[in-house]
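Hi everyone, thanks for making time today. Let me put the structure up on the screen, and then we can walk through a few parts of it together.

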Amino acid sequence: MEYFKKSAPNKTAFITGAASGLGRALTLELAAQNWTIGICDLNTNGLKETQELAEQSGGKIQSYSLNITDSTRFQEICSDFLAKTNSIDVLINNAGIGASGKTDELSIEYWNKVIGINQMAVVFGCKFFIPQMKKQGSGTIINIASAAAFSSAAGMGPYNVSKAAVLSLSETLHAELKDENISVSVVMPTFFKTNIMQDVSTDSEGRRLGELMIATSGLEPDAVARTILKAASKKQFYIILPWKSKMLYIAKRWMPGLMLKINAMLYRKREKLEKMLEKKYQKQQAEK
């Protein structure tokens, strides 16, 4: 399938958090179709690897080292990219970090870090690229949120809050940009195989559980990337995957009270859940 065949005449995209995981997978998918792509990340080594792989696949890459919370530098990079391409067909706000711990025990600095990366970076990307999309009369914005945006599992306060903000922003943008011929999609997956937990403190409550849920998910970034790009190409707003995430979304909408009870029960039994997932993980490793 050719992504955005009708809506991306110049095949230009900008992807944040492209050094690994989903960001890299999205980059490689578009590169294989000869796109010109701006990529950024704080991980310069990973970013270089992504660039090399993407160029081998046929993409034209502009790579930028960026602390995504630095709005001044982010704006400079966006201006540089647009000066070189004169267009931005697809913006993918993907950069993000995991977070875990009890709300009252987490520091204000930690809250600011998570919100700065997961929430404000999405705001920055939209603010700096939307004017060009309006000018050219077209564009697609893909914001990577999470099932955490609506499921609100305990022990993940900053992550839940930041991803709920991305969902809300996306819904707002959908209304604001519809008459500008700019499509918006918000992606809400459950856990899949990425390194999103790498910034979570090793002694943080819930880190190991998160790692196990990722490791046993059976869902690879490449498959997620393809699903996202296919759905966004069709201008699908809510991109919810896999089926577990869709079931959670339906349950939250139609049985919110039950979801509250389930979240509380799962939090009480988190140690039992972690042991169960540990056994599943060990079994998967033994079968390899």
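Let's begin with strand β5, residues 139-144, in what is a predicted model. How many of its six residues are buried? Six of six, so β5 counts as mostly covered by the under 20% cut-off for relative accessible area.

Now for the partners of β5. Strand β4, residues 90-93, runs parallel to β5 and is joined to it by four bridges. To find the pairing on screen, look for V90, which stands opposite T140 in β5. Between these two strands the chain passes through helix α4, residues 108-136, and this β-α-β crossover is right-handed. Strand β6, residues 182-189, is also parallel to β5, with six bridges joining the two. Here the pair to look for is I144, opposite V187 in β6.

In soluble globular proteins, nonpolar side chains tend to be buried together. The largest core in this model has 47 residues, and those with the most contacts inside it are F14, I68, F74, F129, I141 and M188. Helix α4 gives the most, with twelve residues.

Let me zoom in on I68 for a moment. Leaving aside its neighbours within four places in sequence, I68 is in contact with T16, C40, F74, A95, I117, A121 and F124. There is also a second, separate core of 32 residues, and among its members are A8, A18, A19 and L229.

Keep L229 in view, please, as we move to E29. E29 sits in helix α1, residues 21-31. Its contacts, apart from neighbours within four places in sequence, are Y3, A225, R226 and L229. With Y3, the side chain of E29 makes a polar contact of 2.7 Å. With R226, E29 forms a salt bridge, 3.7 Å from N to O. That pair links distant parts of the chain: R226 belongs to helix α8, residues 221-233, and E29 to α1, 197 residues apart. Are the two partners buried or exposed? E29 counts as buried because its relative accessibility is 18%, whereas R226, at 35%, counts as partly exposed.

The model has five salt bridges in total, so let me show you two others. K11 pairs with E2, and their closest N and O atoms are 3.6 Å apart. Both ends are partly exposed: K11 at 23% relative accessibility, and E2 at 37%.

The other one lies within a single helix. R73 and E76 meet through their side chains at 3.7 Å, N to O. These two are three residues apart in helix α3, which means that about one helical turn separates them. R73 is partly exposed, with a relative accessible area of 34%, and E76 is partly exposed as well, at 45%.

Terms used
Residues are numbered from 1 along each chain as its sequence is written. This is a predicted model: local features need pLDDT of at least 70, side-chain atom pairs count only at pLDDT 80 or more; totals for chains, interfaces and linings use all residues. Side-chain values use heavy atoms; hydrogens and water are left out. A polar contact is a pair of N or O atoms within 3.5 Å; within protein, one must be able to donate a hydrogen and the other to accept it, and residues adjacent in sequence count only if both atoms are side-chain atoms. Contact means heavy atoms within 4.5 Å. Buried means under 20% relative accessible area, exposed over 50%, partly exposed in between (1.4 Å probe, protein chains only). Two strands pair if DSSP finds at least two bridges between them. A crossover is right-handed if, with the strands pointing away from the viewer, the path from the first strand over the helix to the second runs clockwise. A nonpolar core is a set of buried Ala, Val, Leu, Ile, Met, Phe, Trp, Tyr and Cys residues joined through side-chain atoms within 4.5 Å. A salt bridge is a side-chain nitrogen of Lys or Arg within 4 Å of a carboxyl oxygen of Asp or Glu.
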